[in-house]
Amino acid sequence: MVKATFLGHACVLVSDGTHSVVIDPFLTGNPKAAAKPEDLTVHAVIVTHGHGDHLGDAVAIANRNNCPIIAVFELATYCQRKGAKQVHPMHIGGSYAFPFGRVKFVPAWHGSAFVEDDGTIVYTGTPAGVLLFMGDRTVYHAGDTGLFGDMELIGRRHPIDLAFLPIGDNFTMGIDDAVEAVKLLRPKVVVPIHYGTFPVIEVDPDEFVRKVQAECPSVTVRVLQPREAVEV
Ligand code: NI
Ligand code: MN
């Protein structure tokens, strides 16, 4: 069994009771943050792409926990330059067995650049989604992405117990495309993320719930308030 706690926006803490991993820890400056970076005890920090609302406090959290940042090569290298003491570079399609479980990066259709305080744009490789295999459970965090047909392949290759999908529209899939994504991925449980944090991504998660229940009745939808958790 794994427990996944929603920490606001796209940040998720996944734990099997022994090991904990945080994905996309944007907490400082996140109006929906349900934790402080210094409160997290983790064995790894996974970052899907280099946008500030995902990279967030990754370097500080990894260094304080003496653990690696796991990301695609360019983003991992960028984190190193920003002071991360341990990084583990990977890339799309690759997987690696860490002490806490296996991580595999999969495609996401989005951008990935960090905008420095002085406005300089630093490209940080391709954006990614991530599969996290912990215990006998498979968790998929889509990162930021539009809908794409290969989601069917991801779900077929790696039957998904729990999927975190963006629904906020504008920067990512909106509700109707996210419902299509559920049809392709066929997770046991789906949790909507990346909505409501800012006015431009304000959507009604209950509409997502209604549409998934109508079109994919075998899939359980859980809307989590920040700090709430789901167990699979
Ligand atoms: Ni993004
Ligand atoms: Mn984002």
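Mentor: Helices (H or I, at least four residues) and strands (E, at least two) are DSSP runs, numbered from the N terminus. This is a predicted model, in which local features need pLDDT of at least 70, side-chain atom pairs count only at pLDDT 80 or more, and totals for chains, interfaces and linings use all residues. Residues are numbered from 1 along each chain as its sequence is written, chains are lettered from A and ligands numbered from 1 in the order in which they are written, and side-chain values use heavy atoms, with hydrogens and water left out.

Trainee: In which helix do K211 and E207 both lie?

Mentor: The side chains of K211 and E207 meet in a salt bridge of 2.7 Å, N to O; the term means a side-chain nitrogen of Lys or Arg within 4 Å of a carboxyl oxygen of Asp or Glu. The two residues are 4 apart, about one turn of the helix, and that helix is α6.

Trainee: Which residues do salt bridges that share partners join into one network with E207 and K211?

Mentor: K211 and E207 are both in helix α6. Salt bridges with shared partners make one network of K211, E207 and one further residue, D176.

Trainee: Is K211 buried, partly exposed or exposed?

Mentor: Buried means under 20% relative accessible area, exposed over 50%, and partly exposed in between (1.4 Å probe, protein chains only). K211 has 25% relative accessibility, so K211 is partly exposed.

Trainee: How many salt bridges does the count come to?

Mentor: One of them joins R137 and D136, at 3.0 Å from N to O. R137 is partly exposed at 24% relative accessibility, while D136 is exposed at 58%. The count of salt bridges comes to 8.

Trainee: How many residues apart in sequence are the parts that the pair K188 and D161 ties together?

Mentor: The side chains of K188 and D161 meet in a salt bridge of 2.9 Å, N to O. K188 is in the loop between α5 (175–185) and β14 (189–193), and D161 is in the loop between α4 and β13 (162–166), so the parts tied together are separated in sequence by 27 residues.

Trainee: Why is the arrangement around the nickel ion (ligand 1) irregular?

Mentor: Donors are N, O and S atoms within 2.8 Å of the metal (3.2 Å for Na, K and Ca), and water is not among the atoms, so sites may look incomplete. Here the donors are H49 (NE2), H51 (ND1), H110 (NE2) and D144 (OD), at 2.2 to 2.3 Å. Four donors count as tetrahedral if all angles lie between 85 and 135 degrees; four count as square planar and six as octahedral if opposite donors are over 155 degrees apart and all others between 65 and 115; anything else is irregular. The arrangement is irregular because the 4 donor atoms subtend angles of 87 to 172 degrees.

Trainee: Is H54 buried or exposed?

Mentor: H49 is buried at 1%, and D144 is buried at 2%. D53 has 17% relative accessibility and also counts as buried. H54 has 0%, so H54 is buried.

Trainee: With which residues is P205 in contact, leaving aside its neighbours within four places in sequence?

Mentor: P205 lies in helix α6 (residues 205–215) and is buried at 15% relative accessibility. Contact means heavy atoms within 4.5 Å. Apart from those neighbours, P205 is in contact with I167, Y195 and V223.

Trainee: How much accessible area do V115, I121 and Y123 have together?

Mentor: Patches are made of residues with over 30% relative accessible area and no salt bridge, like charges being joined within 9 Å and nonpolar side chains (Val, Leu, Ile, Met, Phe, Trp, Tyr) within 5 Å. Accessible areas come from the Shrake-Rupley method with a 1.4 Å probe, and for residues only the protein chains shown count as cover. Y123, in strand β10 (residues 121–123), is exposed at 65% relative accessibility. V115, I121 and Y123 form a nonpolar surface patch whose accessible area together is about 350 Å².
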